[in-house]
Amino acid sequence: MSTLEIKDLHAAVENPDGTQKEILKGVNLTVKSGETHAVMGPNGSGKSTLLRIIAGIARQNEGTARWHPLLAGGRLGYVPQAGGLYADLSRTQFGRESEPG
């Protein structure tokens with residue numbers, strides 16, 4: 001079983017005029033346990049949208065993105081380029097792992 005499975009993923013963003021622009025068009029990806037992958041591409045190609053869908057912050061229009069936490073050691077890291085999840089935290093604070101209680 002894979003740690004991450006993405007099948008036929010489609011996602012769109014809303015333009016300022018209210019129309020939708022499809023930026024992810026049938027993405028397929030399989031990441032097996034122990035593998036490391038990088039997401040690269042030009043501005044506007046859907047990198048952040050893909051990562052936000054994997055992290056559960058955004059939703060896709062079609063397809064599936066399944067992350068299997070037990071196979072990934074129970075951890076998923078996501079640090080956005082621009083703040084927005086927790087505006088009162090610095091990037092250093094946001095990236096820190098909590099100490100067990």
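**Exercise 1.** What is the order of the strands in the open sheet, and is the pairing parallel or antiparallel?

*Solution.* The model is predicted: local features need pLDDT of at least 70, side-chain atom pairs count only at pLDDT 80 or more, and totals for chains, interfaces and linings use all residues. Residues are numbered from 1 along each chain as its sequence is written, and side-chain values use heavy atoms, without hydrogens and water.

Step 1. Strands (E, at least two residues) and helices (H or I, at least four) are DSSP runs, numbered from the N terminus. Two strands pair if DSSP finds at least two bridges between them.

Step 2. Read the order. The three strands run S2-S1-S3, with antiparallel pairing.

Step 3. Find the edges. S2 and S3 (62–67) each pair on one side only.

**Exercise 2.** Count the bridges, then name partners.

*Solution.* Step 1. S1 (residues 4–14) and S2 (residues 20–31) share nine bridges. Leu4 has Val31 as its bridge partner in S2.

Step 1. Five bridges join S1 to S3. Glu5 stands opposite Arg66 in S3.

Step 2. Check the turn. The S1–S2 hairpin has five residues between the strands, and Gly18 takes a positive phi near 90° there.

**Exercise 3.** Which strands does helix H1 lie across?

*Solution.* H1 (residues 47–55) lies across S1, S2 and S3, at about 120° to S1. Axes are lines fitted to C-alpha atoms, for helices over the stretch in contact (heavy atoms within 4.5 Å). Angles run from 0 to 180 degrees between N-to-C directions.

**Exercise 4.** Judge the confidence.

*Solution.* pLDDT is the predictor's confidence in each residue, from 0 to 100. The chain mean is 79, and 66% of residues reach 70 or more. Over residues 97–101 pLDDT stays under 50.
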